Amino acid sequence: MFAVHNIMKIFTLIEELEEEHYRFTQEEKQFFYRGALYKDAFEEVREMIVRTAILEIGSAQRQELMKKYAESLPKLPDNNAEQIESYIFELQRMCYEREKAVRWLEDILQKHGISKETGNMAIQPGQRPAGKRERDMKEKSR
């Protein structure tokens with residue numbers, strides 16, 4: 001029923017197109033997210049995004065294309081269904097941003113010659129060696 005895996009692909013595709021100076025309105029992005037959620041074939045959604053990107057924002061052609069696209073999506077039965085969709089999109093957005101941050105951190109660590117394992121140890125405060133302050137606190141507690 002839902003093709004949640006397509007949403008992550010949509011985030012990447014839209015971001016890449018926007019880096020190439022194509023623009024989308026927030027409403028258009030919502031249509032794309034919904035399409036990704038309900039369409040099994042990602043290629044169908046990808047084609048719609050690319051066709052939309054090449055048209056100027058606000059043009060009659062683009063508005064007609066978005067109208068046609070919106071009509072192809074299922075109608076939501078109530079506000080609860082709309083809220084569930086929003087939760088799915090936000091959860092996927094958070095996962096996407098987290099993955100980007102992890103890749104970014106790995107690139108930084110690699111650039112500075114730090115292995116991923118060393119970086120992981122530095123991130124986990126419970127596993128790091130005790131510093132002078134912690135040793136002093138232990139001495140005072142004895």
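Q: Is Y69 buried or exposed in this predicted model?
A: Check the relative accessible area. Buried means under 20%. Y69 has a relative accessible area of 4%, so Y69 is buried.

Q: Which residue forms an aromatic pair with Y69?
A: A pair of aromatic rings is described by the distance of the centres and the angle of the planes. Here F32 and Y69 form the pair.

Q: Where do F32 and Y69 lie, and what does the pair tie together?
A: F32 lies in helix α2, and Y69 lies in helix α4. The pair therefore ties together parts that are 37 residues apart in sequence. F32 is buried too, with a relative accessible area of 0%.

Q: How is the pair of Y33 and F89 arranged?
A: Read the distance, then the angle. The ring centres of Y33 and F89 are 5.8 Å apart, with 45° between the planes. Y33 is in helix α2 and F89 in helix α5, 56 residues apart, so look for a link between distant parts of the chain. Both residues are buried.

Q: How many aromatic pairs does a search of the whole structure find?
A: The search finds 5. F11, Y33, F89 and Y96 form one aromatic cluster.

Q: What sits over the ring of F11?
A: Look for a charged side chain facing the ring. Here the charged end of R93 sits over F11, 4.1 Å from the ring centre.

Q: How many residues does the largest nonpolar core have, and which elements give two or more?
A: Count the residues, then trace them to their elements. The largest nonpolar core has 27 residues. Helices α1, α2, α3, α4 and α5 each give two or more. α1 gives the most, with 7 residues. Among the residues with the most contacts inside the core are I49, F32 and Y69.

Q: Which residues does I49 touch?
A: Leave out residues up to four places away in sequence. I49 then touches I10, L13, I14, L17, F24 and F32.

Q: Is I54 buried or exposed?
A: Exposed means over 50%. I54 has 61%, so I54 is exposed. I54 lies in the loop between α3 and α4. I54 and Y22 are 32 residues apart in sequence, but 7.4 Å apart in space, C-alpha to C-alpha.

Q: Which element has the lowest mean pLDDT?
A: Where pLDDT is low, the predicted coordinates should not be read in detail. Helix α6 (residues 116–123) has the lowest mean, 61. Helix α3 has the highest, 92. The mean for the protein is 84.

Methods
Residues are numbered from 1 along each chain as its sequence is written. This is a predicted model: local features need pLDDT of at least 70, side-chain atom pairs count only at pLDDT 80 or more; totals for chains, interfaces and linings use all residues. Side-chain values use heavy atoms; hydrogens and water are left out. pLDDT is the predictor's confidence in each residue, from 0 to 100. Helices (H or I, at least four residues) and strands (E, at least two) are DSSP runs, numbered from the N terminus. A nonpolar core is a set of buried Ala, Val, Leu, Ile, Met, Phe, Trp, Tyr and Cys residues joined through side-chain atoms within 4.5 Å. Buried means under 20% relative accessible area, exposed over 50%, partly exposed in between (1.4 Å probe, protein chains only). Contact means heavy atoms within 4.5 Å. Rings of Phe, Tyr and Trp (its six-membered ring) pair if their centres lie within 6.5 Å; planes under 30 degrees apart count as stacked, over 60 as edge-to-face and the rest as tilted. A charge sits over a ring if NZ of Lys or CZ of Arg is within 6 Å of the ring centre and within 35 degrees of the ring normal.
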